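Me: I am new to this structure and would like to go through it step by step. Please take it chain by chain.

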Amino acid sequence: MTESEDQGVIWMQAFQAGDEAAFDQIVEAYQGLVFGVLRRLLGPSGWVEEMAQETFVRLYRARDRYAPAGKLSTFIYRIAYNLALNRIRDEGRRPSSSLQFGKEGEEMVVPDSVERTAPEAQSDSQDWASLVDKGLAELPENQRAALVFQHYDGLDLTEIGEVLGISSKAAKSLLHRARENLRLYLQPFKDAEQD
Amino acid sequence: MQNKTKDWLEDALGALPTQPPSLAFRDELQARLQREGLRTASEAKRTSRDAARPVEAGRVLAIVRPLLTAAAAALLVTIGYQLGADSGNHGTTIIDSSGAIAEADLIDLYEMRDVIEGWEMTADAELEPGFQAIATEDETWIDEILAGGQK
């Protein structure tokens, strides 16, 4: 689909031409997408609604400088991702101290303590939703975002690269590491469930 | 083994819930845009009215549609009844009031049928010599007249 065929781009261009109602249509069409991605990036925090509002305010402000370059959703994802990233950093919601990261925060090592204590202490009391939430929160932000965009929003490698500002090859690598790290985090819980 | 691992990971990822937008989200966004001077109150009012129009139209249509259906059905019944009534008139009014014979005349004819049936048209040659001649020449005179009329 080219940008000329994307309904979001058509609305945005109408909005640029002065059609205020077109902006409301954008909000109506994309609010679910924005809430979804922010919820998965930020976790069950109280920031989702505020960040969603901020996303659309930024989009409104971008009216004059917006230039169609792909789907509008990609542009909105990028705004939401950058806002979420800033929020996570502002809040110091970095991965917990139990995990260690290599260069540029891209490598994650699951320490023994997680494997040793998690199944017994937590498996019965926490459902998989909260475990995945915690697992995602343990990932570096770019890995988390790549996984969220790929799994929940169905973006391909090129689109993920566009949102994160990296090449599709780098997006593929990021996605692979995200899956492996999340698998390492969740494996003890899975094993405990099977025992 | 790897595939099996990925399968359960996909299932696990599927367990994560999403968060739907709150009902007040749009209104709060409108208020924020106005607060920041990005959108005037009149614009917000107009666009929210535009956005609500399809919903309102849908509600109105939902109410009006059964009424329109009932009205259309009533109209069809009325037209059908009228056509039926007209048809009934055609059945009973066999006499064209503007024509050569009136209903009273027909009744008279019916009552006088015995006289008519007993009337020997060809009995008096002076009154009807043509009939007399035909009757005496050929009994199939009426067939010939009809055949001649078709030509």
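Me: How many of the 151 residues of chain B count as buried, as a percentage?
Reply: A residue is buried if 20 or more other C-beta atoms lie within 10 Å of its own, exposed if 12 or fewer, and partly exposed in between, with C-beta atoms placed from the backbone. This is a predicted model, in which local features need pLDDT of at least 70 and side-chain atom pairs count only at pLDDT 80 or more, while totals for chains, interfaces and linings use all residues. Residues are numbered from 1 along each chain as its sequence is written, and chains are lettered from A and ligands numbered from 1 in the order in which they are written. For chain B, the buried share of the 151 residues is 5%.

Me: Is Ala41(B) buried or exposed?
Reply: Ala41(B) sits in helix H3 of chain B. Helices (H or I, at least four residues) and strands (E, at least two) are DSSP runs, numbered from the N terminus. Because Ala41(B) has 10 other C-beta atoms within 10 Å, it is exposed.

Me: What is the pattern of elements in chain A, read along the sequence?
Reply: Chain A has 9 helices and 2 strands, whereas chain B has 7 helices and 0 strands. Of the 195 residues in chain A, 39% are buried. Along the sequence, the elements of chain A run α-α-α-α-β-β-α-α-α-α-α.

Me: What should helix H4 of chain A span, and how far apart are its end C-alpha atoms?
Reply: The expected span of a helix is 1.5 Å times one less than its number of residues. Helix H4 covers residues 72–91 of chain A, 20 residues, so it should span 28 Å; the end C-alpha atoms agree with this, at 29 Å apart.

Me: Which helices of chain A do the buried residues of H4(A) pack against?
Reply: The buried residues of H4(A) include Leu72(A), Phe75(A), Ile76(A) and Tyr81(A). Two residues are in contact if their C-beta atoms, placed from the backbone, lie within 7 Å. The partners of the buried residues are helix H1 (7–16), helix H2 (20–42), helix H3 (48–61), helix H7 (141–151) and helix H8 (157–164).

Me: How are H1(A) and H2(A) oriented to each other?
Reply: Axes are lines fitted to C-alpha atoms, for helices over the stretch in contact, and angles run from 0 to 180 degrees between N-to-C directions. The axes of H1(A) and H2(A) cross at roughly 150° and come within 8 Å. Angles under 35 degrees count as roughly parallel, over 145 as roughly antiparallel, 65 to 115 as roughly perpendicular and the rest as oblique. H1(A) and H2(A) are therefore roughly antiparallel.

Me: Which helix of chain B gives the most residues to the side that touches chain A?
Reply: In this interface, 25 residues of chain B are in contact with 28 residues of chain A. Helix H1 (2–14), helix H2 (25–35) and helix H3 (41–92) of chain B each supply at least two residues of the side that touches chain A. The most, 6 residues, come from H2(B).

Me: Are H3(A) and H2(B) parallel or oblique to each other?
Reply: Among the residues of H3(A) that meet H2(B) are Phe56(A) and Tyr60(A), and those of H2(B) include Leu29(B) and Arg32(B). The axes of H3(A) and H2(B) are 10 Å apart, at an angle of about 50°. H3(A) and H2(B) are therefore oblique.
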